[in-house]
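The account begins with paired side chains and then turns to a loop and a pocket.

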Amino acid sequence: STTSLLRSQIGFALQQSARSARHMARDFLRFSTGSWITVTLNVVRQQGSLLFVSGMLGPAGAGLFAAAQRITAPIAYLAEPLRQAMFPELSRLTAKKRDQEVWRLVRSTLKATVPLAALATGGAAIWGETFLRIVAGPEYVGAYWILVELAVAQSLYLCTPFLASLVILYVGMRRSVLASLAGTILWAVT
């Protein structure tokens with residue numbers, strides 16, 4: 001009887017573990033697919049921004065924007081591994097309805113990323129002209145304010161690596177992708 005009860009409990013625990021693993025794998029697959037679509041749409045918007053700047057300010061303006069974008073892009077590259085690493089933990093916590101722990105993770109992430117973002121933005125504001133001279137040449141110093149604005153935008157992205165995951169987990173991948181698609185269409189129309 002004790003052996004039977006023990007087998008039953010072990011079997012139940014294994015079933016729960018397998019169900020949890022399937023749930024996490026399904027969420028991760030959704031996240032990866034939706035993330036790929038969202039990243040593709042964002043690349044279109046980013047390169048579209050360059051085309052837009054070129055249309056509005058001509059080739060010289062596009063060159064200034066591209067130089068500033070090249071310098072600030074690494075700020076967002078720091079956010080991408082964080083974003084991908086956070087999803088499994090956020091998925092696990094939201095599946096178990098542990099919202100307090102989700103927000104604790106968000107706060108601790110902000111404590112780590114806000115100083116980095118402040119450093120990146122401050123560095124762009126203080127040494128932006130020097131960066132432009134070194135990376136692009138003295139003729140691109142006119143991109144200073146574009147550089148600072150892009151540093152602020154990229155720093156905001158760095159501070160919120162959890163945002164896309166939370167939107168997907170709480171709102172759903174389908175709605176998230178549709179919102180991103182709507183944003184891309186709205187951007188293209190405007």
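## A pair within helix 1

Both R83 and E80 belong to helix 1, where 3 residues, or about one turn of the helix, separate them. The model described here is predicted. The side chains of R83 and E80 are joined in a salt bridge, with a distance of 2.7 Å from N to O.

The two partners fall into separate classes of accessibility. R83 counts as buried because its relative accessibility is 7%, and buried means under 20%. E80, at 21% relative accessibility, counts as partly exposed.

## Further salt bridges

The count of salt bridges comes to 3. In general terms, side chains of opposite charge can pair when their charged atoms come close.

Another of these bridges links E89 with R92, whose closest N and O atoms lie 2.5 Å apart. E89 and R92 are also 3 residues apart in helix 1, so about one helical turn separates them. E89 is partly exposed, at 31% relative accessibility, and R92 is likewise partly exposed, with a relative accessible area of 25%.

A salt bridge is also formed between E101 and R98, with 2.9 Å between the closest N and O atoms. E101 has a relative accessible area of 27% and is partly exposed. R98 counts as partly exposed too, at 30% relative accessibility.

K97 is placed in the loop between helix 1 and helix 2, the latter spanning 99-135. Although K97 is not a glycine, it has a positive phi of about 55 degrees.

Is K97 buried or exposed? K97 counts as exposed because its relative accessibility is 69%, and the exposed class begins over 50%.

## The second largest pocket

Rolling a probe the size of a water molecule over the atoms shows where empty space is left. The second largest pocket holds about 240 Å³ of space. Its lining comprises 14 residues, and those nearest its centre are D27, T94, I168, L169 and Y170. Helix 1 (2-95) and helix 4 (163-171) are the elements that give two or more residues to this lining.

Which element gives the most to the lining of the second largest pocket? Helix 1 does, with 7 residues. By residue class, the lining of the second largest pocket consists of 6 nonpolar, 4 polar and 4 charged residues.

Conventions: Residues numbered from 1 in each chain as written. Predicted model: local features only at pLDDT ≥ 70, side-chain atom pairs only at ≥ 80, totals over all residues. Heavy atoms only, no water. 1 Å grid on protein atoms, 1.4 Å probe; cavity = no way out; pocket = protein on both sides within 12 Å on 5 of 7 lines; lining within 4 Å. Points joined across faces, edges and corners; volume = space filled by probe spheres on them. Helix = DSSP H or I, 4+ residues; strand = E, 2+ residues; numbered from the N terminus. Nonpolar A, V, L, I, M, F, W, Y, C, P; charged D, E, K, R; others polar. Buried < 20%, exposed > 50% of the residue type's maximum accessible area, 1.4 Å probe, protein only. Salt bridge = Lys/Arg side-chain N within 4 Å of Asp/Glu carboxyl O.
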